[in-house]
Amino acid sequence: MSYQFYPLTVDYLHKETEDSVIIGFNTNGAANFKFVAGQNITIKLFHEGEELRRTYSICTSPSEGRLQIGGPLRMFFHILHSIS
């Protein structure tokens, strides 16, 4: 299976509950980026020269005009650690 990756920038962060977080992405630079409700997205990061890929559920509808993923708070720390 071939994946197409788009450059995304985190533009929203919300601690939803004590142990969960919502992360939003700016997709303006990816005009062809389309998704359907309930779809998963694979986030690709590079950390210390190693490519890391993780799959997360999209928690917004395409009609909302934004892309957000949600999950455990440890997910945010993993992403933050990977890009810092």
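## T42 and its strand

T42 sits in strand β3; strands here are DSSP E runs of at least two residues, numbered from the N terminus. This is a predicted model, where local features need pLDDT of at least 70, side-chain atom pairs count only at pLDDT 80 or more, and totals for chains, interfaces and linings use all residues. Residues are numbered from 1 along each chain as its sequence is written, and side-chain values use heavy atoms, leaving out hydrogens and water.

Look across to β4 and you'll find T55 opposite T42. The side chains of T42 and T55 make a polar contact at 3.4 Å (a pair of N or O atoms within 3.5 Å, one able to donate a hydrogen and the other to accept it). Leaving aside residues up to four places away in sequence, T42 touches Y3, F5, R53, R54 and T55, with contact meaning heavy atoms within 4.5 Å.

## The β3–β4 hairpin

Strands β3 (residues 40-47) and β4 (residues 50-57) pair antiparallel over 8 bridges; pairing takes at least two DSSP bridges. The hairpin has 2 residues between its strands, and E48 takes a positive phi near 50°.

## Q68 in β5

Over in strand β5 (residues 67-72) there's Q68. Q68 counts as buried because its relative accessibility is 10%, and the cut-off for buried is under 20% relative accessible area (1.4 Å probe, protein chains only). Not counting residues up to four places away in sequence, Q68 touches Y12, I22, I23, G24, S57, I58, C59 and T60.

Technical notes:
Helices (H or I, at least four residues) and strands (E, at least two) are DSSP runs, numbered from the N terminus. Buried means under 20% relative accessible area, exposed over 50%, partly exposed in between (1.4 Å probe, protein chains only).
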